[in-house]
Amino acid sequence: MTLGLGAKAKPNVIHVSKNEALIAKDNNGYMVGNDGKTSRSDSIDWPAPPEEIALVKPYVFAILPPGTVPTSQIESVPGSSASTFVPSPVIEVRSSISLSPVQTIPFPPSPLTAFATSATHVIRLLSPSPSEKSPLFVVSTPTDRTAATTSGSAIWSFRIKPWNQQIDELVEAGAYSDALSLLESLDAALIADKERKQHQIRALQAVDQFRNAKYDDAINAFIELDINPAKVVALYPESISGRLAVPQDEWVPLFGGPRPPKVEQAPTPPTASSTDLTGDPTEQEDNFHRSIETLMRYLSDRRPKIAGALATFHITPLQSHEMPHLSATSKEDLLALPSARLSSLTPEELVRFAQIVDTALFKSYLLNRPGLLASLCRVGWCEVSEVEELLREREKYQEMIYLYGGRKMHGKALDLLRQLSEHEADPRDKLMPTVNYLQRLGPEHMDQIFEHSKWVFEHDRDIAFEIFTSEEAELPKEPVADFLEKLDPALCARYIEFLISERGETSQQFHDRLAELYLRMTVAAKRRGDDVARRRTYEKLLQFINTTEHYSADRLFAMLPSEDLFEAKAILLGRLGRHDSALEVYVYRLQDFLKAEEYCKRVYQPHSPTGDVFLTLLRIYLLPGPAAPPAGELLPPALELISRHSPRLDPVATLQLLPPLVTAEDVRAFLLEALRAPVFDTRVVRNLYKAREEQVARRLMVLQSKRVRITESRMWCHKRLGGSVIAVHAPHGEVTHYQCREAFSRKLKETRT
């Protein structure tokens, strides 16, 4: 039987998919869509018009005539060159996806060390069905009729390698697009773990794009695939990736690809990166900066998403100082972190991602956008050990302070501020940065505030005092007062004065403490002979105890020295309600009569227990005790008191206190004032009326006790009296009617004249 010897129409069209067909015209093949137009920009270019074509998805088989295919296209042919051709028919296998050659096979197979000078067989393709699972058969028939009759035709069956093996070979060859296309064309049932393979090959394709300076495409793929940020950062030089840096020949294994065969060559430095390419230095520099800009876009995309994932676990950058440092995790462990959706990661893995992203972003900003460093240092996850020296080298001291502050490394920040202050001459420029930093620390950092404020107090107390008067963070008052008192009681007193005047402090605790501080400072100043300081502090004490009521007067009084600070004693005695004792101190001890009067003015309240305080002072003047100065010295201020404050003195009690030798002239003004006083005038008038009433009553009693006997001789008018009112005339007792009294008086007068 001689199959394939007869004439056969050569097909020039094959069905590739629902939407495409391959049309062979001469030595070109075109993919045509349903609309009759070419569907792809690429086409097949055969060395010669194919004798036959067939499709076994996803491959296109073509039989090329003898002597048309160069031996250089045949694999493993010794001594092959482009000038020699294969004398036998050749079966060329191409991918229907990429249209690129996959395999070129001389047919029938023969030793490949040498070729016959002419074709010995005729080749035909047999594909009984257009189904993608249909096998492909090749029929070879000897061109020699005798051989054909003797041996007959041979049928060869083509078997496709397992799909996994084909995909692995494509990946190993770096044909990632073909591998992905082949993988996508296959049913999931044919490939175990198809989705994972697609993810891996897509990542390898992105690495290849990155190597070829297609940074945007690569980064887009890394974002889409949720690649572990450590792996992405590892593609960059050590200036960005630090200890995560991986040489180029390790990139593919890093992303799960096959390790390339070892080739004897000079060792690659660990800083190799996409920029370590030969070529124009200007182009290399441009590529490097483009890669950094693309990295910043990647990191800026990851950063808020990682922060959102951490927020679900109630973790914020403000807690970065509580988390293990990035340096505590090995490079291998960081690169082994999963490339998965952020929502599926553990809090520990998310924290590591945040630290990697912020550290790499920091280094990127340092190279391309240093103006953005400050915001990243204030709040973020940067690894301090990796970035602080970079900042120091570039003298980015303010950013270092932000970095330390954001990680709660306040000791380092304050030490740096002190070092920087040594280069400043102006006191405020030298001290205010430290003061401002300490003002922002809260109560949980009291020890550091106290420790680092000491050297500021040594330079300028006024500037240092601002640390404890800031509104930014309210510090516990008592520990601050204790600390300041250890430095200097005057500082503590100033602080409590601030609390009372500016913060409205009303607690007895601080008022007692301030009064005691004033007292101790006054006594201490006297001991060391500093009269100016003593006078200043003593005046503060007097002003304080005289104007506030929030302290314990009896407690402070017990602390006063027995033979000093008499004015303070007087004020405190007054606070205790012992006004007579207070006035005795003013008069007998201080002999300051004006202050005694001022004291009376201050406490005087009419119609109250202090309403007779002026009289008490007068009594102290005029009835001196054993410790009093001579009486002659107290009489003048007593008389002045009477003359100036007569309205506030009881006139009667005052007159009773006056000694006998005091003349009316000495108290003339007092007496006149007393007489004009409404209270005094009322009493006099009342007593006068009372005396007049008594006098009239006595006269009435005398008159009522007299009797008159009416006789004929006493009657002047001889009219009948009856019940009429009568008048009795002196001196002889004549009796007349009352209405006749005037007429009788005129007649009696005429008689006498």
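**Salt bridges and their surroundings**

Modeller: Happy to. Glu20 and Arg40 are joined by a salt bridge between their side chains, with 2.9 Å from N to O. The two partners come from distant parts of the chain, 20 residues apart. Glu20 sits in the loop between strand S1 (13-15) and S2, while Arg40 sits in the loop between S3 and strand S4 (44-45). Their surroundings can be described by accessibility. Glu20 has 16% relative accessibility and therefore counts as buried, whereas Arg40, at 25%, counts as partly exposed. Please keep in mind that this is a predicted model.

The loop between strand S2 (21-25) and strand S3 (28-32) holds a residue worth a stop, Asp26. Its phi is near 55 degrees, a positive value in a residue other than glycine. Asp26 has a relative accessibility of 54%, so it counts as exposed.

A search of the whole structure finds 38 salt bridges, and I will pick out a few.

Another pair that links distant parts of the chain is Glu549 with Arg575, 26 residues apart. Their side chains meet in a salt bridge at 3.8 Å, N to O. The cut-off for a salt bridge is 4 Å, so this pair is counted. Glu549 is in the loop between helix H22 (531-547) and helix H23 (553-559), and Arg575 belongs to helix H24 (residues 566-575). Glu549 counts as exposed because its relative accessibility is 66%. Arg575, with a relative accessible area of 33%, is partly exposed.

Arg644 is partly exposed at 41% relative accessibility, and Glu640 is partly exposed at 39%.

Salt bridges also link Asp226, Asp301, Arg302 and Lys305 in a network. Asp226 lies in the loop between helix H5 (215-225) and helix H6 (229-234). Phi of Asp226 is near 55 degrees, again a positive value in a residue other than glycine. The relative accessible area of Asp226 is 13%, so this residue is buried.

Rolling a probe the size of a water molecule over the atoms shows where empty space is left. The largest pocket holds about 690 Å³ of space. Its lining has 28 residues, and Tyr59, Val102, Gln103, Lys161 and Gln166 are those nearest its centre. Two or more lining residues come from each of strand S6 (59-64), strand S7 (90-95), strand S8 (101-106), strand S11 (154-158), helix H2 (163-172) and helix H3 (176-185). S8 gives the largest share, four residues. By type, the lining divides into 17 nonpolar, six polar and five charged residues.

Val708 is placed in the loop between helix H31 (678-705) and strand S12 (726-729). At 41% relative accessibility, Val708 counts as partly exposed. Patch residues need over 30% relative accessible area, so the 41% of Val708 clears that cut-off.

Glu388, in helix H13 (residues 384-393), is 154 residues from Leu542 along the chain, and their C-alpha atoms are separated by 56 Å. Glu388 has a relative accessible area of 13% and is therefore buried. The C-alpha atoms of Pro443 and Ala311, 132 residues apart along the chain, are separated by 26 Å. Pro443 lies in the loop between helix H16 (427-440) and helix H17 (446-459), and its relative accessible area of 41% makes Pro443 partly exposed.

Note on methods
Residues are numbered from 1 along each chain as its sequence is written. This is a predicted model: local features need pLDDT of at least 70, side-chain atom pairs count only at pLDDT 80 or more; totals for chains, interfaces and linings use all residues. Side-chain values use heavy atoms; hydrogens and water are left out. Buried means under 20% relative accessible area, exposed over 50%, partly exposed in between (1.4 Å probe, protein chains only). On a 1 Å grid over the protein atoms alone, a cavity is a set of points where a 1.4 Å probe fits but cannot get out, and a pocket is an open set with protein on both sides within 12 Å along at least five of seven lines; lining residues have an atom within 4 Å of a point. Grid points are joined across faces, edges and corners, and a volume is the space filled by probe spheres set on the points. Ala, Val, Leu, Ile, Met, Phe, Trp, Tyr, Cys and Pro count as nonpolar, Asp, Glu, Lys and Arg as charged, and the others, Gly among them, as polar.
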